[in-house]
Amino acid sequence: MVEIKACIFDLDGVVVDTAKYHYLAWRKLARELGFEFSEQHNERLKGVSRMRSLEILLEVGGLSFPKDEMEKMAAKKNGWYLEYIMQMTPKEILPGAKELLEELRRNGIKLALGSASKNTPVILDKIKLTKHFDAIADGNSVTAAKPAPDIFLKGAELLNVNPSFCVVFEDAEAGIEAAINAGMRTVGIGSKDILSKADFVVPNLKGFSYNTLLSIFNK
Ligand code: B16
Ligand code: MG
């Protein structure tokens, strides 16, 4: 039996689908640079940091630039991305996520958000979920990107819970690896093929309850 004291949620792909906005902004940058960036290419950017995303994008376009140019490009893309996320509303919370957060809190489970995104505070504010979390570990407080365990370890530290009592909800392979590297349990959100390293995989959080969590881990 595994005692569960805390749950840590990834943001993009678990609580909201911001990947579609990242995609539109990256595609705009790619077009400006003279090449097409497909949705399939965009899959490679999920869960990955902003600068690593840009490196992958430039790799797709067969281009390379000095570091200072890359910083400017990343800032430009983020400006476009911000225009999209500023329009977000609570309607964009993915099915089941808010209900699960509320039920977990009622059952005494501590809650953290663990995301690579530096825009986490803005997004949580727009979808009105900031107060649903006891702690926030994001790209502003942690520099080492997933699959490094740092973001999730920071979340556990802020909650004052030992990593072995934490369950991470993640949609990206790099995120599942980060959670495993942190010594935590994992629930993958998405496809079993991609998230094969997770303890358990569900297609989304719809209908996922506190009892589901207990039935998976309290055996
Ligand atoms: P930003 P997550 C990640 O969010 C996204 O999946 C990834 O595509 C993005 O590059 C990264 O955040 C950084 O985002 O540019 O807003 O700092 O899945 O860790 O919640
Ligand atoms: Mg994600």
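Around ligand 1 stand 18 residues, and V48, S115, S117, K118 and N119 come nearest. A residue counts as near if one of its heavy atoms lies within 4 Å of the molecule. This is a predicted model, in which local features need pLDDT of at least 70, side-chain atom pairs count only at pLDDT 80 or more, and totals for chains, interfaces and linings use all residues. Residues are numbered from 1 along each chain as its sequence is written, chains are lettered from A and ligands numbered from 1 in the order in which they are written, and side-chain values use heavy atoms, with hydrogens and water left out.

By class, the shell around ligand 1 holds five nonpolar, seven polar and six charged residues. Ala, Val, Leu, Ile, Met, Phe, Trp, Tyr, Cys and Pro count as nonpolar; Asp, Glu, Lys and Arg count as charged; the others, Gly among them, are polar. Domain 1 (6-17 + 92-217) and domain 2 (19-85) both give residues to this shell, so ligand 1 lies between them. The domain bounds come from an automatic or database domain assignment.

Now the polar contacts, which are pairs of N or O atoms within 3.5 Å. A polar side-chain atom of R50 sits 2.8 Å from an oxygen atom of ligand 1. For L45, a backbone N or O atom lies 2.9 Å from a ligand 1 oxygen. A polar backbone atom of L11 is 3.3 Å from an oxygen atom of ligand 1. Taken alone, ligand 1 exposes 470 Å², and the protein buries 98% of that. These areas come from the Shrake-Rupley method with a 1.4 Å probe.

Next, the metal. The magnesium ion (ligand 2) has D10 (OD), D12 (O) and D171 (OD) as protein donors, lying 2.1 Å from it. Donors are N, O and S atoms within 2.8 Å of the metal (3.2 Å for Na, K and Ca); water is not among the atoms, so sites may look incomplete. In sequence, the donor residues are spaced D-x1-D-x158-D. D12 and D171 link distant parts of the chain, 159 residues apart. D12 is in the loop between β1 (6-9) and α1 (19-33), and D171 in the loop between β4 (166-170) and α8 (173-181). Helices (H or I, at least four residues) and strands (E, at least two) are DSSP runs, numbered from the N terminus. D12 is buried at 17% relative accessible area. D171 is buried at 17% as well. Buried means under 20%, exposed over 50%, and partly exposed in between (1.4 Å probe, protein chains only).

Last, the backbone. A cis peptide bond joins K146 and P147, with omega about 15°. P147 is in the loop between β3 (135-137) and α7 (150-159). K128 is not a glycine, yet has a positive phi of about 55°. K128 is exposed, at 61% relative accessible area.

Definitions and conventions. Polar contact = N/O pair within 3.5 Å; in protein donor to acceptor, adjacent residues only side chain to side chain.
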